[in-house]
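Here are a few friendly notes to read alongside the model. Please keep the sequence and the 3D view open while you go through them.

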Amino acid sequence: MDIEFIACPVCKQKLGIYSYVLEGDEVVCANLNCLTTLRIDKHKPLRVSVVPVQQTRNVDSRPESYG
């Protein structure tokens with residue numbers, strides 16, 4: 001499995017994203033002080049965008065963290 005690395009745009013935490021995570025999927029920053037929801041925009045090169053809290057499915061039920 002391929003892993004691509006990127007820094008969280010909010011806290012700069014290094015995140016490893018597996019290739020099976022599809023474009024459009026959401027992940028959460030692994031930094032416990034950040035926990036920002038990120039949307040995978042593109043692979044090779046990896047691009048992510050910050051998802052505003054208001055647009056997450058449910059603030060109490062966040063996507064799984066990949067880090």
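1. A residue is called buried under 20% relative accessible area, exposed over 50%, and partly exposed in between (1.4 Å probe, protein chains only). At 46%, Asp2 therefore counts as partly exposed.

2. This is a predicted model, in which local features need pLDDT of at least 70, side-chain atom pairs count only at pLDDT 80 or more, and totals for chains, interfaces and linings use all residues. Residues are numbered from 1 along each chain as its sequence is written, and side-chain values use heavy atoms, without hydrogens and water.

3. How many salt bridges does the structure hold? There are 2, where a salt bridge means a side-chain nitrogen of Lys or Arg within 4 Å of a carboxyl oxygen of Asp or Glu.

4. Lys44 sits in the loop between β4 (37-42) and β5 (47-50) and Asp2 in the segment before β1, so the pair ties together parts 42 residues apart in sequence. Strands here are DSSP runs (E, at least two residues), numbered from the N terminus. Lys44 is exposed, at 60% relative accessibility.

5. Glu26 and Arg39 also meet in a salt bridge, at 2.9 Å from N to O. Because Glu26 lies in strand β3 (residues 26-28) and Arg39 in strand β4, this pair ties together parts 13 residues apart in sequence. Buried or partly exposed? Glu26 is buried at 16%, while Arg39 is partly exposed at 26%.

Conventions
Helix = DSSP H or I, 4+ residues; strand = E, 2+ residues; numbered from the N terminus.
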